[in-house]
Amino acid sequence: MTGKRYKETVVAAGVTMLEEGLTVGTWGNISVRDPETGLVYISPSGMDYREIEPNDIVVLDNDLNIVDGARVPSIEKETHIAVYHSRPDVNAVVHTHPIYSTVLGVNGMDLPAISEDFAQIVGDKIICSIYALPGTKELGQNVAAGLGKERNAVLLPNHGTLCVGEDMKTALTVSHVVEKTAQIYILALSIGTPQLISAEDIKAMQDYKKNKYGQR
Ligand SMILES: [Zn+2]
């Protein structure tokens, strides 16, 4: 993919994030990494997602130097880079402020894999990471630690979520599934006791997704 295509991917993802109700206003931020060059294409700080154009996307190297773009990059650039450092398998990061996932984070609660789609593409559960102020290096360290090496999402206490994927399409699907599952979990808790899926069955679903699901 060309640099222009990566920029367009970030622009389109911002609109999707807004339209799916995963964030409001200018909050949240997104990036993709070009696995060949290692360059990271990130959304600009505080701009309306409907108005962002490909030229507004900022290109960063691994050390947070701006290599292309005139805009100020997202204030969470430290966090995006920290995630790419710790997860070579990840090429897209979507950070959002959705309601139900944030409710869990406000209560310091983890989100278990209570549905099949979640078990398959997100992990066995996602955890609520340790609090740090937005825009800090410490937040990046806490988020990367909370994400771990296997799971594709993490809750940021009193803040939102961060979801990842091998590409932007996957990271957006993870964001959607995490928020939907958080909503189901909260509703299930409000009328009874959610029945959890056994670790063995979660593993079986993950193996199935990896090896058999979809078109051949
Ligand atoms: Zn945020």
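1. How far is the sulfur of Cys-128 from the closest cysteine sulfur, and which residue holds that one? Keep in mind that what you're looking at is a predicted model. In it, the closest cysteine sulfur to that of Cys-128 sits in Cys-163, 13 Å away, and that's too far for a bond.

2. A quick bit of background: a disulfide is a covalent bond between the sulfur atoms of two cysteines. To count as one here, the two sulfur atoms must be within 2.5 Å. Cys-163 is in no disulfide, as its nearest cysteine sulfur, the one in Cys-128, is 13 Å off. The tally for the model is 0 disulfides.

3. Are these cysteines buried or exposed? Cys-128 has a relative accessible area of 16%, and the cut-off for buried is under 20%, so Cys-128 is buried. Cys-163 counts as buried too, with a relative accessibility of 0%.

4. Now go and find the largest pocket, which holds about 770 Å³ of space. It is lined by 26 residues, and the closest to its centre are Gln-120, Ile-121, Glu-150, Asn-152 and Lys-210.

5. Helix 7 gives the most, with 7 residues.

6. What about the classes of residue in the lining of the largest pocket? You'll find 13 charged residues there, along with 7 polar and 6 nonpolar ones.

Conventions:
Residues are numbered from 1 along each chain as its sequence is written. This is a predicted model: local features need pLDDT of at least 70, side-chain atom pairs count only at pLDDT 80 or more; totals for chains, interfaces and linings use all residues. Side-chain values use heavy atoms; hydrogens and water are left out. On a 1 Å grid over the protein atoms alone, a cavity is a set of points where a 1.4 Å probe fits but cannot get out, and a pocket is an open set with protein on both sides within 12 Å along at least five of seven lines; lining residues have an atom within 4 Å of a point. Grid points are joined across faces, edges and corners, and a volume is the space filled by probe spheres set on the points. Helices (H or I, at least four residues) and strands (E, at least two) are DSSP runs, numbered from the N terminus. Ala, Val, Leu, Ile, Met, Phe, Trp, Tyr, Cys and Pro count as nonpolar, Asp, Glu, Lys and Arg as charged, and the others, Gly among them, as polar. Buried means under 20% relative accessible area, exposed over 50%, partly exposed in between (1.4 Å probe, protein chains only).
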